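User: I would like to go through this model with you, one topic at a time. Could you take my questions as they come?

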Amino acid sequence: MKHASAFAEAPLLPLGQASPVTIDRDEVEIVPAVSTSKSGRHPSYLADHRKRLRHRFLTGGAAAMPDYEILELTLFRAIPRQDVKPLARLLIETFGDLNGVLSAPIARLERVHGVGPAVALELKVMETVTHRMARAKVMQRHVISSWDAVLDYCHTVMAHRDTEQFRVLFLDRKNVLIADEAQGAGTVDHVPVYPREVVKRALELNASALILVHNHPSGDPTPSNEDIAMTRQISDAAGALSISLHDHLIIGRSRELSFKSQGLI
């Protein structure tokens with residue numbers, strides 16, 4: 001469904017075509033000058049709105065800001081001369097929440113009216129920063145004592161994917177997370193997993209234990225018979241080499257399922 005809109009992304013022009021330009025004091029992207037009134041001046045309400053939003057964010061109001069306003073702040077850089085609130089609301093409406101927007105594939109983002117390469121780039125950069133921050137909280141940490149952070153990380157990187165992904169968390173003898181690797185990506189309801197490759201990689205990393213993680217794009221983390229069978233195969237293969245399988249987590253949209261807590265391993 002097409003949505004009428006007054007917003008438009010600042011085009012990414014070749015270097016030789018970037019003149020004339022204007023530059024916001026706090027913007028790093030150079031964009032073509034755009035007039036939005038007969039006098040050539042930009043509406044004061046737009047500048048005032050951006051100023052108020054930034055002020056609220058910087059003075060401790062971020063926690064109370066809805067997703068679309070946080071998204072507005074991100075879009076300011078890609079669309080520095082127009083009202084981005086309609087686009088922010090449209091993106092939230094399309095993908096459900098901020099995490100859904102950031103996790104959406106570029107091809108799906110660019111199908112949203114008003115999203116082009118510059119907006120898509122800003123959103124994917126923000127997603128990457130979010131993932132790296134979440135990952136930094138768990139790497140080289142004792143998994144048991146930072147279990148909530150591990151769950152948060154898994155939800156951040158996997159809960160909103162539209163295809164299945166299989167990851168392995170590799171632990172040392174002290175249950176410290178030494179590596180986190182995606183072992184495979186699949187379709188909306190299947191991902192190929194090769195137990196021998198999982199165990200082989202554990203040996204290469206000198207890992208003593210594993211935690212398996214994969215997502216269900218449907219949102220329901222209930223394990224399938226294939227999930228259970230695959231887990232047992234990896235457990236058997238790892239156990240034969242004295243490598244422990246601590247758990248297998250299935251990540252849904254709003255909750256996760258632990259094989260260990262369900263008595264499945």
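User: How many residues does helix α9 have, and how far does it reach from its first C-alpha to its last?
Analyst: In this predicted model, helix α9 spans residues 225-239, which is 15 residues. Its reach from first to last C-alpha is 21 Å, close to the 21 Å expected at 1.5 Å a residue.

User: Which residues of α9 are buried?
Analyst: The buried residues in α9 are Asp227, Ile228, Met230, Thr231, Ile234 and Ala238. Because they cover an arc of only 165° around the axis, they lie on the same side of α9.

User: And which exposed residues does the face turned away from that buried side carry?
Analyst: That face of α9 carries Asn225, Glu226 and Asp236, which are exposed.

User: What covers the buried residues of α9?
Analyst: The cover includes the strands β3 (165-171), β5 (209-215) and β6 (244-251), together with helix α8 (195-204).

User: Changing topic: where is Arg50, and is it buried or exposed?
Analyst: Arg50 is in helix α1, residues 44-61. Arg50 is buried, as its relative accessible area is 5%, and the cut-off for buried is under 20%.

User: Which backbone oxygens does the side chain of Arg50 reach?
Analyst: One is the backbone oxygen of Gln82, which the side chain of Arg50 reaches at 2.6 Å. Another is the backbone oxygen of Phe76, which lies 3.5 Å from a polar atom of that side chain.

User: Now α3, please. Which of its residues are buried?
Analyst: Helix α3 covers residues 85-95, and its buried residues are Leu87, Ala88, Leu90, Leu91, Ile92 and Phe95. What covers them includes the helices α2 (67-78), α4 (98-103), α5 (106-109) and α6 (117-136).

User: What follows α3?
Analyst: Gly96 follows α3, and the phi of Gly96 is positive, near 95°.

User: What about rings? Where does Arg89 lie relative to Tyr68?
Analyst: Arg89 lies over the face of Tyr68, at 4.0 Å from the ring centre.

User: And how many aromatic pairs are there?
Analyst: The count of aromatic pairs is zero, with ring centres required to lie within 6.5 Å.

User: Finally, the chain as a whole: how many helices and strands, and what share of residues is buried?
Analyst: The protein chain has nine helices and seven strands. Of its 265 residues, 44% are buried.

User: What percentage of the contacts join residues at least 24 apart?
Analyst: Among contacts between residues at least 6 apart in sequence, 62% join residues at least 24 apart.

How values were computed: Residues numbered from 1 in each chain as written. Predicted model: local features only at pLDDT ≥ 70, side-chain atom pairs only at ≥ 80, totals over all residues. Heavy atoms only, no water. Buried < 20%, exposed > 50% of the residue type's maximum accessible area, 1.4 Å probe, protein only. Helix = DSSP H or I, 4+ residues; strand = E, 2+ residues; numbered from the N terminus. Contact = heavy atoms within 4.5 Å. Phe/Tyr/Trp six-rings, centres within 6.5 Å; stacked < 30°, edge-to-face > 60°. Lys NZ or Arg CZ within 6 Å of the ring centre and 35° of its normal. Polar contact = N/O pair within 3.5 Å; in protein donor to acceptor, adjacent residues only side chain to side chain. Expected span 1.5 Å × (residues − 1). Arc of directions from axis to C-beta.
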